[in-house]
Amino acid sequence: MALHKLVDQLFLELQRPVTIESRDFELLAYSGHHDETDEVRMRTILSKRASAHVFHYLHEHGWIQKIEQADGVVSIPPLPDIDLGARAVVCLKHAGKVYGYLWVQAAFHDLTEAQRKRMEDVAKEAAQMLHEQIGKRYKRQEEINDLFLRFIQYRDVSERDVQMEAQLLGVTFPSLFTVAAFFVGHDAKKEDIRQYMTFITKTTHALIFFIDRHHPFLLIVGGTATQRPIDIAKMMVTKLQQDFRYHIDRDVIVGIGNEYSELKRLRDSYKEAMEVIHLKRHIDEPLPHVYNDLGIYRIIPFIYEQYKQRRYKNEALLKLKKHDEQHGTDFLHTLRAYIQHDCNIKQTAESLYIHPNTLHYRLKRMQAITSLPLHDFEQRMMLYIDLLLYKYKEGTVDKQQK
């Protein structure tokens, strides 16, 4: 209520529409407006939150960073790409923490120096209010996240202790859940993706715990009456890609664990999500987000450790690899595609974008270089696993060298 009084008073003084939003663009308070109110303001008031494309645009074009780094009022010109009219905006900061933004629908030059100073004073007062109102909520949220993170990472934290602490914090744990992990490779993108994910979790009608003080970022996702947790996690990945235009598995690598109904399985879902990320980082090809969908890839790290201990090498593949390196051929990739398509010439050739006769020639050359057991199913399967292990090994060595 106090925030609404602040914006109403500022509206009367400036005769310009005033809005206060949280850092994740949730509408906290807004004043009356005039006939010239633009579409962005109207949509924000109706939905109680700025839309995803506005949120993304302001981040992508550096406006949010500029607002948060400024000491006073920032001028934003009309932005026709998102139907946003001119704005004067002040960041709501208290003790170095950003709580939100105060927006005035006006061009910077249309406000006097005294009016801009008044905006800054109101912003300080609003930031103090938000610190008192939601500072406790933030602290509670951090306590909840720390509780689940401790349980995930440390085996000496018991399920019973977690349940008791959760009860004291007033937390209801979802009856069915999954853990989703998001690995951001570039430090410069971490803060943006963290804010995007905060935005997404606030607009998703499901019980979600976002653990953003850990990297990879973690989501404990509960289900709804109509959606399973894994489906909700996948939907959030889609939003990150479509609404905020991040390239999944390049800008941010995603792993989703299996669904469980018991709190004690939280560690299992976390480990599965992290295993997906591990495999994606070491095998340079598209892999499913969900652990259960990995198929044979799930056992690759375990077989790799066994092979390392026994110093096993597939001599046939070593010969093909050496030929590829010396002559610029691509026999290993061709062989893998051939086995993947169950030795079907037509399908393999189409997948490699080559003529079937070219594929026949390559297979003949490979057989001339080394004997390949392609007529026996079990031998083909072992050959395929060895091919996967080569990719995994190369990825592991690359990561260690970096």
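Q: Why is Arg-380 called buried?
A: Arg-380 has a relative accessible area of 13%, and buried means under 20%, exposed over 50% and partly exposed in between, with a 1.4 Å probe and protein chains only, so Arg-380 counts as buried. This is a predicted model, in which local features need pLDDT of at least 70 and side-chain atom pairs count only at pLDDT 80 or more, while totals for chains, interfaces and linings use all residues. Residues are numbered from 1 along each chain as its sequence is written, and side-chain values use heavy atoms, with hydrogens and water left out.

Q: Where does Arg-380 lie, and which residues does Arg-380 touch?
A: Arg-380 lies in helix 15, residues 377-401, a helix being a DSSP run of H or I with at least four residues, a strand a run of E with at least two, and both being numbered from the N terminus. With contact taken as heavy atoms within 4.5 Å, Arg-380 touches Ile-339, Asp-342, Cys-343, Pro-373, Leu-374 and His-375, not counting residues up to four places away in sequence.

Q: What makes strand 4 mostly covered?
A: In strand 4, which spans residues 87-94, six of the eight residues are buried.

Q: How do you know that strand 4 pairs with strand 3 and is joined to strand 5?
A: Two strands pair if DSSP finds at least two bridges between them; strand 3 (residues 74-76) and strand 4 have three, in the antiparallel sense, and seven bridges join strand 4 to strand 5 (residues 97-104), again running antiparallel. Ile-76 has Arg-87 of strand 4 as its bridge partner, while Cys-91 has Tyr-101 of strand 5. In the hairpin of strand 4 and strand 5, with two residues between the strands, Ala-95 takes a positive phi near 55°.

Q: Why are strand 7 and strand 9 said to stand at the edges?
A: Four strands form an open antiparallel sheet in the order 7-8-6-9. Strand 7 (208-211) and strand 9 (252-256) each have a single partner strand, so one side of each is left without a neighbour in the sheet. Strand 7 is joined to strand 8 (residues 217-222) by four bridges, and Phe-210 stands opposite Leu-219 in strand 8.

Q: Which residues make the contact of helix 11 with helix 14, and how do they divide?
A: Lys-319, Leu-320 and His-323 of helix 11 meet Arg-365, Met-366 and Ile-369 of helix 14. These residues divide into three nonpolar, one polar and two charged, where Ala, Val, Leu, Ile, Met, Phe, Trp, Tyr, Cys and Pro count as nonpolar, Asp, Glu, Lys and Arg as charged, and the others, Gly among them, as polar.
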